[in-house]
Amino acid sequence: MSFEKLVFYTFAAILVYAATRVITVRNPVHAALHLVLAFFTSAALWLLLEAEFLAITLVLVYVGAVMVLFLFVVMMLDINLVSLKEGFMRYLPVGLGVAALMLIEMILVVRSKAFDAASMPVPVRHAADYSNTRELGGVLYTDYVYPFEIASVILVVAIIAAIALTLRKRGESKTQNPAEQVKVRREDRVRLVKMATEQPERADSGEHS
Amino acid sequence: MQETGIFDWIITVGLILAKIIIILLPLVLGVAYLTFAERKIIGYMQMRIGPNRVGPRGWLQPIADVLKLLMKEVIVPTRSNNYLFVIAPTLAIGPALAAWAVIPFGDGLVLADVDASLLYILALTSVGVYGVIIAGWASNSKYAFISTMRSAAQIVSYEIAMGFALVGVLMAAGSINLSDIVEAQRGSLLHWYWLPLLPLFVIYFISGVAETNRAPFDVAEGESEIVAGFHVEYSGMAFAMFFLAEYANMILIAFLAALLFLGGWLSPFEGIPVLAPMFNWVPGPVWLLAKASLFLFFYLWFRATFPRYRYDQIMRLGWKVFIPLTIVWLVLEGAAVVSGLGPWFD
């Protein structure tokens, strides 16, 4: 077994383990952390395919940003594990049905012509000066420029829609207006009063020196 | 490949390990003496002397600190999540050290000349936040948890501005390889990217200060409100690991700012008739170190000068000032690149 195969099977084993733990682990924070591990190992597998741009972007976007926000939410939830387990038997048939449906779908996809061994040749090794980033940029901005741009516009629309849906003015919420805070001058807050010095009447006892 | 025996393999691995040690040993020493420099410089800025008891003029103070931390007991809180509590410092320091693999110290002086090195660094610095998040959650302490929430939101916000600033650099250089970016700045002091990308340069460094949770953006450890933030439950070496990660990240940001905007290992006297030959003998890494030290001094200077930001002000600065500014500058830069403007983009 070559070194490359050893690396592949090591990472593949870790990936399968992490993915299984995501759905079997009780604590949602642990599940999210296993998902992070799964992303990380799949990035390592992509590196083996010489797709370094995609691999690093996977780490950057999913591990570095998406999962951080995910953890952010999951950690704030106060989940009662007992009530989570309650409806297990009741929902089991539905779950099994969905699982069977997904299994059939995946079999249909994997057995189709597009995934044939003939139409999916073994990827060829490139020379050391091969740049996955350059190749990807070339394809993305020439052959697929319109689909790419349309996808990005759809994403922008989704972002604006998400913000518009969550941004609502509530009467009781208090906000600050930084522009007004910055505009404040000394005269608005402090009043300097010029006055003659005063001396209090001296007490004779001299207890307070 | 068939002829390479186990012996060649051992030599290759040994060589890489030796290179890693050559990079990491000075880095750890640099972290130790950066803490010393911090205490001394801030001391003098506040009309104090700073540490001056251990060794001549206090030079052995960091060694004494390390020994103290090594000998202290690592206390694991009873109700904490043991496994995650122990793994969190490792997750903080791992990315902080791994990022150094692609930093070029001179022409060809780099451990791994990766093609997408800039992207690699951006990815690894964003992974570093997991140490903070997991530490805060596993400690099972309210203070640590509040700090985690603050830190996560802050780092994710500033990463966007930082990423856009880096996009500006790679547009100008036409490459995401750090060595190529430095070589693209060759010419003179005015060819370095600090001049054409001045707003991005400033935003990059300020975002870097925010990413490393340093003053004035250090709300994650705000002593006055949440004691010490995410590492409040850590002691001894576990605490030292967080400390090491924070300072290693500071040095990393300083090196990156020098590489990306101040011409890396290029001499500042390049292209000047008399001075350029006079300083030819200075090796490149010395220039890089000098430029990085400048940024490290800024870090300490900021800490001595600015009061801590209010949290909503940090968020406003990141989202409403930096991100729009970088986007506008990227558009302007795109126009400059297309039109081949002046000595930088031709």
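## Basis of the values

Because the model is predicted, local features need pLDDT of at least 70 and side-chain atom pairs count only at pLDDT 80 or more, whereas totals for chains, interfaces and linings use all residues. Residues are numbered from 1 along each chain as its sequence is written, chains are lettered from A and ligands numbered from 1 in the order in which they are written, and side-chain values use heavy atoms, with hydrogens and water left out.

## Interface of chains A and B

The size of an interface is often given as the accessible area lost when the parts come together. Chain A and chain B bury about 2,200 Å² between them, 76% of it on carbon and sulfur atoms (accessible area with a 1.4 Å probe that two parts lose on being put together, summed over both). Of the area that chain A buries against chain B, 26% is supplied by I56(A), L60(A) and M75(A), more than by any other three residues.

In terms of contact (heavy atoms within 4.5 Å), 28 residues of chain A meet 27 residues of chain B.

Helices here are DSSP runs (H or I, at least four residues), numbered from the N terminus. Axes are lines fitted to C-alpha atoms over the stretch in contact, and angles run from 0 to 180 degrees between N-to-C directions; angles under 35 degrees count as roughly parallel, over 145 as roughly antiparallel, 65 to 115 as roughly perpendicular and the rest as oblique. The axes of α3(B) (residues 82-98) and α5(B) (residues 129-138) come within 8 Å and cross at roughly 160°, and the two helices are therefore roughly antiparallel. Their contact joins L84(B), F85(B), A88(B), L91(B) and A92(B) of α3(B) to G131(B), I134(B), A135(B), W137(B) and A138(B) of α5(B), and by class it has nine nonpolar, one polar and no charged residues (Ala, Val, Leu, Ile, Met, Phe, Trp, Tyr, Cys and Pro count as nonpolar, Asp, Glu, Lys and Arg as charged, and the others, Gly among them, as polar).

Helix α8(B) (residues 198-211) packs on α12(B) (residues 284-305) at an angle of about 60°, with the axes 11 Å apart, which makes the pair oblique. F201(B), F205(B), G208(B) and V209(B) in α8(B) meet F295(B), F298(B), Y299(B) and F302(B) in α12(B), a contact of seven nonpolar, one polar and no charged residues. The axes of α1(B) (residues 6-45) and α10(B) (residues 236-261) come within 9 Å and cross at roughly 90°, so these two helices are roughly perpendicular; their contact has ten nonpolar, two polar and one charged residues.

## Local features

N249(B) lies in helix α10 of chain B. Its C-alpha atom is separated by 9.1 Å from that of P95(B), 154 residues apart along the chain, and, leaving aside neighbours within four places in sequence, N249(B) is in contact with A96(B) and T212(B).

Most residues other than glycine have a negative phi, and most peptide bonds are trans. A cis peptide bond, with omega about 5°, joins A215(B) and P216(B), and P216(B) is found in the loop between α8 and α9 (223-226) of chain B. In chain A, E50(A) has a positive phi near 65° and lies in the loop between α2 (28-48) and α3 (52-76).
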